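Please look through the chain shown below with its helices in mind.

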Amino acid sequence: METIVIVGGGAGGLELATRLGDTLGKSARARVLLIDRAPGHFWKPLLHTVASGKCDPQVTQVEFAAQAAAHHFDFVQGEVMAVDRAGRSIELAPRCSDGLEVQPRRRLPYDKLVLALGSVTNFFNVPGAAEHVLTLENVNQAEAFRKRFVAACIQAGERKARGDAAQGQVHVVIVGGGATGVELAAELSHSARALAQYKVHALDPLRDVRISVIERGKFLLPHLHPRQSVRAARHLTSLGIDVLTETAVSSVSPHAVHDAAGHAHRADLTLWAAGVEGPALCGTLGLPVNRINQIVVDATLRAPGDTAIYALGDCASYTCPVKGAVPPRAQVAHQQAMFLADLLARRDAPGGLDFRYRDYGSLVSLGPLAAVGVLSGAVTGRRIQVSGATARLLYRLMYQKHLLALHGMARMAVHTLVDWLRAKLVPPVKLY
Ligand SMILES: Cc1cc2nc3c(=O)[nH]c(=O)nc-3n(C[C@H](O)[C@H](O)[C@H](O)COP(=O)(O)OP(=O)(O)OC[C@H]3O[C@@H](n4cnc5c(N)ncnc54)[C@H](O)[C@@H]3O)c2cc1C
């Protein structure tokens, strides 16, 4: 029986493992094996809600072992360190828990390998960035940011109570005015208010919690229409957030972000959300990569030069002959996962044998009640700008679609109901 190994159980990889398990795994036509360094899956576009304390990842994440048991695939937890293309095997690092080695270094064979490794933060060689900023690549980093934010607010509140007005403030600088930066800034501002309401800190959330978004380009959210970018900037400003566009960051020091014009922006916490690149592993395979280290793939998502290796999502570089390079987005990872599921199950791929990216638009959350974005008609190609409560509802549906791909309609409905009930029972943000 053929073994299909999928490395990475993120937005694309877990959907692919689930679909292939339900088809090939269930009918024993292939062994489907998912490998991830983490024990569970959290949908990355919601990481900003973990960083702001709105979402508890322990409750929301999908445990890989449980998903594997329900969908006829196997799961192995481990970090892939190397791929032996000639021997068709992958090498896993030793697995440790609390400093103890639980499993030694291992090799696992594959007949087909799908790399769905996601991306890592791109610091663009800005001096001090890698050393002094926090990033939002996974649940652990989002939790680390949240804890640092709550602690910084409590400490500043103490200083303020002692009469030290200058130090009685928290300055958060978010570098990058794309979706991640904008969504985090809006959520954080709401969190600061909620934490003040519950007396977790003694700061005035508007005056003392200073949040800035620094963007190099002329507009926030450069992938949207400028009208939507202006709307988003206005909304952030109404929340008390400083929006600095056309500001290039030149270096980062422990307590400040410096821009090219020579200004130093005080930063107790700096979050870098300025761009992504392929993980280091992509560059070690001897396969072609692009300038940001993503594996170049052809229209069947196969790496040229190795008929056994496919790549999808953020770690892959696919250039559509008509629309150009596809962006690193959950929507792309989802479509590529569905395409590969059909291709590997040897059914006809949707729309023919080549992957075709359909841009359905993009939505960006501006906090609990607002969003902006654009919807693109797949058939007519017309683009419709949306904002406000409608956009917010559509934004929520994006996650429902992911749950639907993972769990089917009935379980997706139960998850949604449980989330809704839970939100009624617990405070709006994590308080510790
Ligand atoms: C805060 C934030 C907000 C975002 N908002 C949006 C949005 O609104 N809309 C949108 O379309 N996109 C959004 N994105 C982008 C979107 O999350 C990604 O494009 C999408 O998750 C990519 O899916 P993927 O399957 O390629 O990788 P990922 O979802 O990143 O998953 C990669 C998986 O691979 C595992 N892995 C990596 N390396 C190894 C290894 N060596 N060994 C074992 N396992 C490994 C990781 O643990 C992870 O589980 C957002 C991203 C962030 C961070």
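The text that follows takes up helix shape, helix packing and then single residues.

This is a predicted model, in which local features need pLDDT of at least 70 and side-chain atom pairs count only at pLDDT 80 or more, while totals for chains, interfaces and linings use all residues. Residues are numbered from 1 along each chain as its sequence is written, and side-chain values use heavy atoms, with hydrogens and water left out.

Helices (H or I, at least four residues) and strands (E, at least two) are DSSP runs, numbered from the N terminus. The expected span of a helix is 1.5 Å times one less than its number of residues. Among the buried residues of H1 are Gly13, Leu14, Glu15, Leu16, Ala17 and Thr18.

For helix H10, residues 388-425, a straight helix of 38 residues would span 56 Å, yet H10 spans only 26 Å between its end C-alpha atoms. H10 has a kink of about 120 degrees centred on Gly408, where the bend at a residue is the angle between axes fitted to the seven residues ending there and the seven starting there. The buried residues in H10 include Tyr395, Tyr399, His402, Leu403, Leu406 and His407.

**How the helices pack**

Axes are lines fitted to C-alpha atoms, for helices over the stretch in contact, and angles run from 0 to 180 degrees between N-to-C directions.

| Helix pair | Axes | Angle |
|---|---|---|
| H1 and H10 | 9 Å apart | about 30 degrees |
| H1 and H9 | within 9 Å | roughly 25 degrees |
| H6 and H7 | within 12 Å | roughly 45 degrees |

Angles under 35 degrees count as roughly parallel, over 145 as roughly antiparallel, 65 to 115 as roughly perpendicular and the rest as oblique. H1 and H10 pack at an angle of about 30 degrees, which makes H1 roughly parallel to H10. H1 passes H10 in a left-handed crossing, and the contact is made by Leu14, Glu15 and Thr18 of H1 with His402, Ala405 and Leu406 of H10. Contact here means heavy atoms within 4.5 Å. A crossing is left-handed if the near helix is turned anticlockwise from the far one by less than a right angle, and right-handed if clockwise.

H1 and H9 are likewise roughly parallel to each other, but their crossing is right-handed. On the H1 side this contact is made by Glu15, Leu16, Arg19, Leu20 and Leu24, and on the H9 side the residues include His334, Ala337, Met338 and Leu340.

The axes of H6, residues 139-161, and H7, residues 179-197, cross at roughly 45 degrees, so H6 is oblique to H7. Their crossing is right-handed, and Phe145, Phe149 and Val150 in H6 meet Leu184, Leu188, Ala192 and Leu195 in H7.

Ala345 is placed in the loop between helix H9 (330-344) and strand S26 (361-365), and counts as buried because its relative accessibility is 6%. Ala345 and Arg19 are 326 residues apart in sequence, but 9.5 Å apart in space, C-alpha to C-alpha.

His71, in the loop between helix H4 (64-70) and strand S5 (74-77), is buried at 12% relative accessibility. With residues up to four places away in sequence not counted, His71 touches Thr18, Gly21, Asp22 and Leu406.

**Residues elsewhere**

Ala82 belongs to strand S6, residues 80-84, and at 28% relative accessibility counts as partly exposed. Neighbours within four places in sequence aside, Ala82 is in contact with Ile90, Glu91 and Leu281.

Most residues other than glycine have a negative phi. Leu221, however, has a positive phi of about 45 degrees; Leu221 lies in the loop between strand S14 (209-214) and helix H8 (226-238) and is buried at 0% relative accessibility. Asn293 also has a positive phi, near 65 degrees, and lies in the loop between strand S20 (276-277) and strand S21 (295-296).

Key
Buried means under 20% relative accessible area, exposed over 50%, partly exposed in between (1.4 Å probe, protein chains only).
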